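Please have the chain open in a viewer while reading. The paragraphs below go from one part of the fold to the next.

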Amino acid sequence: MMPLPSEVPALIVGAGPIGLACAISARRRGLEALVIDSGPIANAISQYPIGMTFFTTPERLEIGDHPLTCSGQKASREEALAYYRGVARAEQLAIAPYCRFVGAERTPDGFACVVATRLGEVTIRTPRLVLATGYLDHPNLLDVPGEDLPHVRHRFDEPHMTTGQEVVIVGAKNSAVEAALLAYRAGATVTLVHRGSALKETVKYWLRPDFLNRVAAGEITAHFDTTVQAISMTGVTVQHADGTTSDLPADRVYLLIGYHPDFAMLESLGVALDPVTRRATINPETLETNVPGLHLAGSVASGTKISEVFIENGRFDGEKIFGDHASQRDADARYAAKPRPTGE
Ligand SMILES: Cc1cc2nc3c(=O)[nH]c(=O)nc-3n(C[C@H](O)[C@H](O)[C@H](O)COP(=O)(O)OP(=O)(O)OC[C@H]3O[C@@H](n4cnc5c(N)ncnc54)[C@H](O)[C@@H]3O)c2cc1C
């Protein structure tokens with residue numbers, strides 16, 4: 001393990017695509033930021049389903065203007081991991097993996113940050129703290145009995161694991177629909193359950209017809225307007241719109257109903273969150289929060305609407321935090337990236 005410095009000019013928490021991009025922006029302006037992550041580089045992407053392909057085209061996943069080449073039209077999980085590892089090496093970023101940010105206290109000139117390492121806790125002082133912690137560590141919960149049973153997962157792991165299994169998937173966005181198709185093609189008996197009356201509008205145009213055709217053909221079962229009441233070792237009890245209940249057999253249950261940023265951590269640092277959207281009010285030019293010197297980058301700033309900030313439109317956040325604002329506007333225009341929400 002690399003020895004951690006006791007003081008750094010900027011501490012970036014999270015070595016996801018956006019945290020790495022922030023470190024590049026800082027380094028290109030002569031500021032040697034330290035990036036820490038509770039897991040490996042690009043920890044969130046490493047937890048995507050094995051073999052998954054990104055929806056986004058490769059050039060929109062790029063950071064620091066390093067080209068991402070891939071064998072197909074879209075990058076796979078594995079190609080993206082290799083890419084972000086390679087960029088970190090090429091840019092000689094200072095990264096401390098497996099170091100978890102626990103919290104920070106204000107000091108007269110910045111922050112005293114507590115970081116948990118394999119060997120114990122250390123304190124790192126910094127005038128500038130950037131949280132790029134994403135949301136994947138915090139799945140939304142159904143809050144039903146049995147949610148913590150060992151065969152219940154909040155992420156889809158790998159289609160192969162579902163072969164020959166009765167699989168119940170809860171959700172109706174891209175992750176749930178894609179998981180249903182992958183599991184079905186791996187030889188699982190798949191049932192999808194959703195409390196709403198249809199798939200979400202945002203389901204990708206190539207997934208939607210594939211899924212609906214499988215349902216029409218009786219190859220995948222879908223229960224809409226249906227809520228989960230409880231999960232047992234053998235099944236999932238659901239309630240339908242007419243009030244009747246049924247028990248769906250399940251060897252494996254995937255609750256793919258989204259994630260949320262670590263709101264408790266943000267509040268513990270004094271960041272003001274909107275009571276409804278849970279978004280922090282941040283300066284759109286600098287991404288600084290109401291806490292001076294504390295910036296939010298990437299998905300952690302998205303509040304409950306995590307689909308609004310992703311790699312494509314978060315990857316220039318480092319330019320806002322460490323750069324001049326004109327360059328950010330140029331970058332946005334060049335890539336026609338969607339503007340990111342500011343919490344206002
Ligand atoms: C299955 C799936 C498919 C997706 N496909 C796409 C796609 O095609 N295109 C796209 O643009 N987006 C996609 N996304 C969303 C994308 O993954 C996120 O928008 C992106 O990862 C956000 O980057 P980030 O750097 O803000 O956060 P993350 O990539 O989540 O990185 C946050 C990092 O912070 C670390 N961290 C968290 N808490 C702490 C702590 N307390 N201390 C230290 N480290 C911490 C985590 O370990 C993690 O490495 C997908 C998401 C999923 C789940």
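Helices (H or I, at least four residues) and strands (E, at least two) are DSSP runs, numbered from the N terminus. Two strands pair if DSSP finds at least two bridges between them. This is a predicted model, in which local features need pLDDT of at least 70 and side-chain atom pairs count only at pLDDT 80 or more, while totals for chains, interfaces and linings use all residues. Residues are numbered from 1 along each chain as its sequence is written.

Two residues link β5 to β6 in a hairpin. Strand β5 covers residues 110–117 and strand β6 covers residues 120–126, and seven bridges pair them in the antiparallel sense. One of the paired positions is Thr-117, whose bridge partner in β6 is Gly-120.

The chain is divided into two parts: domain 1 consists of 11–138 + 259–335, and domain 2 of 152–255; these bounds come from an automatic or database domain assignment. Taken over C-alpha atoms, the domain centres are 32 Å apart. Five residues from domain 1 and seven residues from domain 2 make the contact, where two residues are in contact if their C-beta atoms, placed from the backbone, lie within 7 Å. On the domain 1 side, the touching residues are three nonpolar, two polar and no charged. In this classification Ala, Val, Leu, Ile, Met, Phe, Trp, Tyr, Cys and Pro are nonpolar, Asp, Glu, Lys and Arg are charged, and the others, Gly among them, are polar.

Next comes an open sheet. Its five strands lie in the order β8-β15-β9-β10-β11, with parallel pairing. Strands β8 (152–153) and β11 (221–223) are the edges, each pairing on one side only. Within the sheet, β9 (residues 166–170) and β10 (residues 189–193) run parallel and are joined by five bridges. Val-167 has Val-190 as its bridge partner in β10. Helix α4 (residues 174–185) packs on the sheet and touches β9, β10 and β15 (252–255), its direction making about 165 degrees with that of β10. For such angles, axes are lines fitted to C-alpha atoms, for helices over the stretch in contact, and angles run from 0 to 180 degrees between N-to-C directions.

Thr-162 sits in the loop between β8 and β9. Thr-162 counts as buried because 25 other C-beta atoms lie within 10 Å; the cut-offs are 20 or more for buried, 12 or fewer for exposed, and partly exposed in between, with C-beta atoms placed from the backbone. Apart from neighbours within four places in sequence, Thr-162 contacts Val-167, Ala-183, Ala-186, Ala-188 and Arg-252. Asp-251 is 89 residues from Thr-162 in sequence, yet the C-alpha to C-alpha distance is 8.8 Å.

Most residues other than glycine have a negative phi. Asp-143, in the loop between β7 (129–131) and β8, has a positive phi of about 65 degrees. Asp-143 is exposed because it has 7 C-beta neighbours inside 10 Å. Asp-225, in the loop between β11 and β12 (227–231), has a positive phi of about 50 degrees. With 14 C-beta neighbours inside 10 Å, Asp-225 is partly exposed.

The last stop is the ligand. Around the ligand are 32 residues, the closest being Gly-14, Gly-16, Asn-43, Gly-134 and Gly-298; a residue is near a molecule if its C-beta atom, placed from the backbone, lies within 6 Å of it. Elements α1 (17–27), α2 (43–46), β4 (100–107) and α7 (311–314) each give two or more residues to this shell. By class, the shell has 15 nonpolar, 13 polar and four charged residues.
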